[in-house]
2 protein chains.
Amino acid sequence: MGLIVQKFGGTSVANAERINHVADIIADTYKAGSNVIVVLSAQGDTTDDLIEKANEINPHASRRELDMLLSTGEQISIALCAMALEKRGLPVISLVAWQVGLQTNNTYNDARIRKISKERVQAELDKKNIVIVAGFQGVNAYGDVTTLGRGGSDTSAVALAAAFHADLCQIYTDVDGVYTADPRIVPSAHKLAEITYADMLELASQGAQVLHNRSVELAKKYHVNMEVLSSLEHVPGTKVKEVIKMEKTNIGGVAKMDNFARFSLVGLEDRPGVAFKVFSLLSRSSVNVDIILQSVGRSGSKDISFTCPLSSLEAARSVLQEHRDAIGYDHIEVDDNVAKISLVGAGMMTHVGVASDMFEALYDAGINIQMIATSEIRISVLVNKDDANRAVKVVHDKFFGDED
Amino acid sequence: MGLIVQKFGGTSVANAERINHVADIIADTYKAGSNVIVVLSAQGDTTDDLIEKANEINPHASRRELDMLLSTGEQISIALCAMALEKRGLPVISLVAWQVGLQTNNTYNDARIRKISKERVQAELDKKNIVIVAGFQGVNAYGDVTTLGRGGSDTSAVALAAAFHADLCQIYTDVDGVYTADPRIVPSAHKLAEITYADMLELASQGAQVLHNRSVELAKKYHVNMEVLSSLEHVPGTKVKEVIKMEKTNIGGVAKMDNFARFSLVGLEDRPGVAFKVFSLLSRSSVNVDIILQSVGRSGSKDISFTCPLSSLEAARSVLQEHRDAIGYDHIEVDDNVAKISLVGAGMMTHVGVASDMFEALYDAGINIQMIATSEIRISVLVNKDDANRAVKVVHDKFFGDED
């Protein structure tokens with residue numbers, strides 16, 4: 001029946017009861033005749049607890065030693081889960097990154113996977129063992145432990161699925177799939193049976209928490225069939241793949257992000273090279289800029305607005321203030337009370353009226369649009385944070401109907 | 001100033017405060033000009049907590065997965081300690097067993113060290129890094145994690161000291177050295193400035209908790225200079241080496257053990273081969289026998305008594321009962337209310353009167369001796385457990401004087 005990779009997050013393995021439940025899911029898959037590779041995160045709050053221990057001793061510890069510390073969390077999960085499968089009489093073995101041969105670059109805390117040496121895992125699969133792999137971790141060229149950063153275990157799972165040509169990579173989580181909008185905001189949001197890599201990527205990078213975009217990028221690159229499903233309820237999840245059967249609309253969903261700020265540089269001189277100067281300065285300060293908007297000049301001056309993560313707010317402000325004379329602006333406006341609402345769907349921009357329908361929905365609800373950005377498969381608008389949830393709801397209702 | 005190996009136990013690294021204190025000791029050693037390899041145990045109760053987690057899921061988990069689980073404890077300690085040294089501005093790196101290349105045999109939970117591949121540790125020492133190594137763990141020929149069993153971190157430290165020809169291997173613990181008897185039993189017990197490997201081995205295997213005998217055996221074999229000292233108080237400890245300056249007596253100390261039982265097979269036929277039959281049966285059931293005593297026969301019968309660990313009591317009883325006809329005895333007596341008091345000292349048996357002085361002390365105190373066993377450097381007596389502490393005290397007073 002081929003090979004299935006199953007990934008379970010921290011909530012799914014938080015305690016003995018949950019681990020037993022996960023072991024039952026794995027056992028069912030194995031008994032149905034599949035080879036199984038399992039990827040696990042650290043239990044519940046383990047990673048946070050370890051970070052707290054580190055901070056108590058040295059808040060400026062090296063990233064290398066942090067990775068040495070944090071990687072223990074996943075090792076505990078895999079050993080315990082292997083024990084639960086042993087109890088069920090099944091052949092199983094747990095492996096950490098150096099045993100898997102999961103090689104990364106040298107960026108501690110946020111490493112990128114380079115290669116997986118397949119010998120050990122393949123040998124265990126050939127012995128019909130269930131292979132339980134520690135997610136989130138790798139080994140670099142120095143022979144040191146690295147971790148993969150946020151969403152790292154999802155990425156480990158997809159990388160293993162790609163390396164071993166798995167038939168399916170199941171991401172078990174505490175939600176049961178990908179929704180057309182956050183069901184906590186839009187009660188009428190419905191679960192998608194399928195979504196394309198491209199739409200999933202846009203949704204993930206525009207604020208949907210269900211999958212980290214690095215794992216989706218990797219899945220897209222290596223054509224890994226993914227499925228997002230619940231470890232708690234036994235219901236079908238959402239399949240993520242290259243081509244899907246179209247649903248009644250070509251809109252994948254609505255996402256919200258609100259952890260960023262809007263900057264406006266007001267009264268810039270209207271001459272060539274100003275935008276280049278601004279954004280090269282921000283780039284050198286490692287400020288990731290998202291939406292950029294440049295207004296048409298009035299009487300020889302123009303304004304440039306952009307958004308950046310809240311975590312970069314002070315870095316952006318100080319570099320811009322420091323180079324005020326070189327840039328040549330009148331003043332800076334900063335607004336951190338903003339949210340971005342994104343409508344995502346393959347080929348959306350080639351369909352007439354999608355953008356105007358979205359704007360109409362917002363206009364009817366009296367919600368002011370501050371900025372607009374579009375891509376081939378996405379329209380994003382910046383609104384006041386207080387209007388954000390209402391904006392998600394009215395945009396969702398416009399395209400998916402209010403099914404309440 | 002050469003190379004010093006420093007080992008700190010679980011109590012010494014139990015929390016952030018203790019780890020900072022340990023980091024200060026290491027920093028002082030390094031700043032005095034030595035290369036330093038540090039070996040750490042898991043923090044406080046970590047190992048017990050992990051075992052409890054395992055038991056909750058599967059009390060019969062494989063030893064392989066238990067080792068995978070338990071080895072995380074030391075990894076946490078070394079990362080945290082490295083962070084504490086980073087905070088002190090010192091160059092430091094933590095390494096786990098697979099990075100050290102500490103190779104063992106395949107006996108999970110109780111592995112024996114085979115070899116240490118020195119490349120990585122030597123490279124770090126050459127870079128003037130303080131090297132912090134996870135104790136208690138190794139890697140076997142399958143590329144799996146093993147643990148070294150009780151006292152494993154002491155053994156890791158001595159093995160590293162031997163491999164790198166360290167000038168000294170310091171075992172930091174919560175007592176400040178090796179005493180002539182347990183100070184909690186004998187208040188007048190005094191700390192030994194020096195002790196030979198041979199005496200330390202006898203004391204360790206006869207119940208002194210301060211060092212595990214495997215580490216002493218290894219130190220003796222490779223002529224590693226050891227020192228047992230306190231991580232809490234800055235006072236001289238006890239040096240363990242090949243030859244020591246003799247103190248006023250040649251007696252090393254008095255030790256007590258009480259976790260075993262005495263068996264007596266009464267009414268055996270007095271013919272050749274009976275003892276062989278009894279002890280080969282026990283050996284096949286993995287019962288470790290300590291003292292053996294065979295009484296002179298009365299009217300064609302004889303008695304055989306022996307001691308074994310409490311943990312083997314039921315195994316010994318059942319194998320003896322099962323083969324009652326083949327062995328041919330009248331009945332079995334078992335007494336688990338016994339204790340063994342041992343007097344240890346190099347060349348003791350060549351000194352006239354040591355044994356008789358010991359027996360006299362016990363006789364004067366009205367303590368009955370059930371069995372006697374002697375070796376070149378040890379006299380052990382079996383007494384009623386209720387008399388044990390009093391026996392340690394009167395024997396100690398006889399040889400070291402009551403200094404209270």
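This is a predicted model: local features need pLDDT of at least 70, side-chain atom pairs count only at pLDDT 80 or more; totals for chains, interfaces and linings use all residues.
Author: Chain A can be laid on chain B by a turn of 180° and a shift of 0.1 Å along the axis, with an RMSD of 0.1 Å. The two copies are thus related as by a two-fold rotation axis.

Reader: Which residue of chain A comes closest to the rotation axis?

Author: A:Thr72, with its C-alpha at 2.7 Å.

Reader: Switching to charges. How many salt bridges over all chains?

Author: The count is 40. The rule is a side-chain nitrogen of Lys or Arg within 4 Å of a carboxyl oxygen of Asp or Glu.

Reader: Which residues are linked in a network?

Author: A:Arg64, A:Glu65, A:Asp144, B:Arg120, B:Glu124 and B:Lys127 are linked by salt bridges.

Reader: And A:Arg120 with A:Glu124, what joins their side chains?

Author: A salt bridge, 2.9 Å from N to O. Both residues lie in helix H6 (residues 119–126) of chain A, 4 residues apart, about one turn of the helix. Helices are DSSP runs (H or I, at least four residues) and strands likewise (E, at least two), numbered from the N terminus.

Reader: Are A:Arg120 and A:Glu124 buried or exposed?

Author: Both are buried. Buried means under 20% relative accessible area, exposed over 50%, partly exposed in between (1.4 Å probe, protein chains only).

Reader: What does B:Lys340 pair with?

Author: B:Asp290, in a salt bridge of 2.2 Å, N to O. This pair links distant parts of the chain, 50 residues apart. B:Lys340 is in strand S18 (residues 338–344) of chain B, and B:Asp290 is in the loop between helix H9 (274–284) and strand S15 (292–294).

Reader: Why does B:Lys340 count as buried?

Author: Because its relative accessibility is 2%. B:Asp290 is at 38%, so B:Asp290 counts as partly exposed.

Reader: What about A:Arg184 and A:Asp182?

Author: Their side chains meet in a salt bridge too, 2.9 Å from N to O. A:Arg184 is exposed at 74%, while A:Asp182 is partly exposed at 25%.

Note on methods:
Residues are numbered from 1 along each chain as its sequence is written. Chains are lettered from A and ligands numbered from 1 in the order in which they are written. Side-chain values use heavy atoms; hydrogens and water are left out. Copies are superposed by least squares on the C-alpha atoms of residues with pLDDT of at least 70 in both.
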